[in-house]
Amino acid sequence: MSASSPSPAPATPTSTTPHRVLVIGSGFGGLFAAKALKDPAVSVTVVARTGHHLFQPLLYQVATGILSEGVIAPPTRDVLAAQDNARVLLGDVQRVNLAERTLTTMTAGREMVYDYDSLIVAAGANQSYFGNDQFAEFAPGMKTIDDALELRGRIYGAFELAELAAAAGRQDDVRRLLTFVVVGAGPTGVEMAGQLVELSKRTLRKEFRHIDPAQARILLVDAADAVLGSFGPDLAAKTERDLTRLGVEVLLGQMVVDVDEACVTLEDKDGQRTRIEAQTKVWAAGVQGNPLGRQLAEQSDVELDRAGRVVVQPDLTIPGHPEVFVIGDLAALEDVPGVAQGAIQEGRHAADQILRRLRGEPTGQPFVYRDKGSMATVSRFRAVMKRGNLELTGYPAWVAWLAVHLFYIIGFKSQLTTLMHWAVSFVGRDRSERTVTEQQVFARLALEYLGDDFRDLRKARRRGQE
């Protein structure tokens, strides 16, 4: 990490030159920051690797066929269409140059460079496999729409393959195909495990002739000693009890030490290893900061925490660069959890600091997080909720969960569609989004295996056609 001299404060705009704010990322932090900068003195550019905003807390419902991807991922352009001072550009950020205040992106093999006066880095976090990135081949994470669609293909495909195996009398294959392992007992893991039970016992129960989907084995694994540990011991114990009653096998104090195509190997605290045959694995454990955090650290005095997140100053800037704000999952700030509410509030704070500076008002006010609670669904009509000293479980918590998530889904159309899908899935037993393709399952791995060869093959093919 190299030190750098302090940068001057961003220039105050003239009547003809608006203050240029670059926002990296279209998640909760980036999007709410852009919306808060609705001021004619500011020109906002949102640069993101995808063209959509992602309501990440509901990804597991896309993976299990409750919701379509479009419901939780509205186009960023549509969200900001009415904001005249904002534009949206597609680009995978490659480099940030703090000294020159430029950003370099790559889109479809074409490099673009953008200047900025203020920068809001809301690039988020990636899935962490704790140094075992090879696990990703067989255990997809839960961070993107691509992840959710791949998991949907793997989950529903497992039942289809089990039906074929049973028809052929291959019972060992049936047991492996009907075993699902979810790694990580945080909110995402708990919600995924609960929905896998609902899927196998309710949605699919009468649809196969050679297998009984209700016999599917669902395991929730974590190296920690509690389910939903951040919710406190009482809610953790109640959640574990509810999951067990549903039929989920909760294995705590078990570290995943190996993952291959057919198995997961666990190790307990005494060093004893257990090998579980399972075709479908879901990785819902751990996050690591976007690699852009390391670029910021190399060019400034900012530090990174163990997860690669940027240890920001109290006002969310980085040392020596008052024009650079880091927010959301990439920011490490004490007592601020990595949840949507944290990112939203940080985005608004960063925007407020920029507007204050442009108005000539004092800046540098520390960010104050207002805890609006944490919640997670366990299954249909069951959830847990914690807000301060208030703790709810069961049906009341589930209703609260529905209301909060419906409120934060952007757009009336998406809210209405979501409500209809929830009615179909929770009141009835069907799931509206069960279409899967082979491409969903294998596209990610095919691109990873081919790497740069994929582009070279395409170029060679086009040259051959000319």
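1. A friendly place to start is the pair α1 and α10, whose crossing is right-handed (a crossing is right-handed if the near helix is turned clockwise from the far one by less than a right angle, and left-handed if anticlockwise). Helix α1 covers residues 28-36 and helix α10 residues 340-358; they pack at about 35°, with 7 Å between their axes. The axes are lines fitted to C-alpha atoms over the stretch in contact, and angles run from 0 to 180 degrees between N-to-C directions. Helices (H or I, at least four residues) and strands (E, at least two) are DSSP runs, numbered from the N terminus.

2. Before going on, please keep in mind that this is a predicted model, in which local features need pLDDT of at least 70 and side-chain atom pairs count only at pLDDT 80 or more, while totals for chains, interfaces and linings use all residues. Residues are numbered from 1 along each chain as its sequence is written, and side-chain values use heavy atoms, with hydrogens and water left out.

3. Which residues make the contact between α1 and α10? From α1 come Phe28, Gly29, Phe32, Ala33 and Ala36, and from α10 Ala340, Ala343, Ile344, Gly347, Arg348, Ala351 and Leu355 (contact means heavy atoms within 4.5 Å). By class, nine are nonpolar, two polar and one charged. Here Ala, Val, Leu, Ile, Met, Phe, Trp, Tyr, Cys and Pro count as nonpolar, Asp, Glu, Lys and Arg as charged, and the others, Gly among them, as polar.

4. The largest nonpolar core has 68 residues, and Leu58, Ile72, Phe159 and Met192 touch the most other members. Such a core is a set of buried Ala, Val, Leu, Ile, Met, Phe, Trp, Tyr and Cys residues joined through side-chain atoms within 4.5 Å; buried means under 20% relative accessible area, exposed over 50%, and partly exposed in between, with a 1.4 Å probe and protein chains only. Helix α5 (residues 145-167) gives the most to this core, with eleven residues. Apart from it lies another core of 49 residues, including Ala297 and Leu358.

5. On to the rings: the structure holds 13 aromatic pairs. Rings of Phe, Tyr and Trp (its six-membered ring) pair if their centres lie within 6.5 Å; planes under 30 degrees apart are stacked, over 60 edge-to-face, and the rest tilted. Phe135 and Trp283 form a tilted pair, 5.8 Å centre to centre with 55° between the planes. Because Phe135 lies in the loop between β8 and α5 and Trp283 in strand β15, the pair ties together parts 148 residues apart in sequence. Phe135 is buried, at 1%, and so is Trp283, at 3%.

6. Phe381 and Trp398 are an edge-to-face pair, 4.9 Å centre to centre and 90° between the planes. Phe381 sits in the loop between β22 and β23 and Trp398 in helix α11, 17 residues apart. Phe381 is partly exposed at 31%, whereas Trp398 is buried at 7%.

7. Finally, look at Leu228, in the loop between β10 and α8, and Val384, in strand β23. Leu228 is buried at 1%, and Val384 is buried with a relative accessible area of 1%. Leaving aside residues up to four places away in sequence, Leu228 touches Val384, Ala376 and Thr239, among others. Val384, with its neighbours within four places left out, has contacts that include Leu228, Phe231, Leu392 and Ala397.
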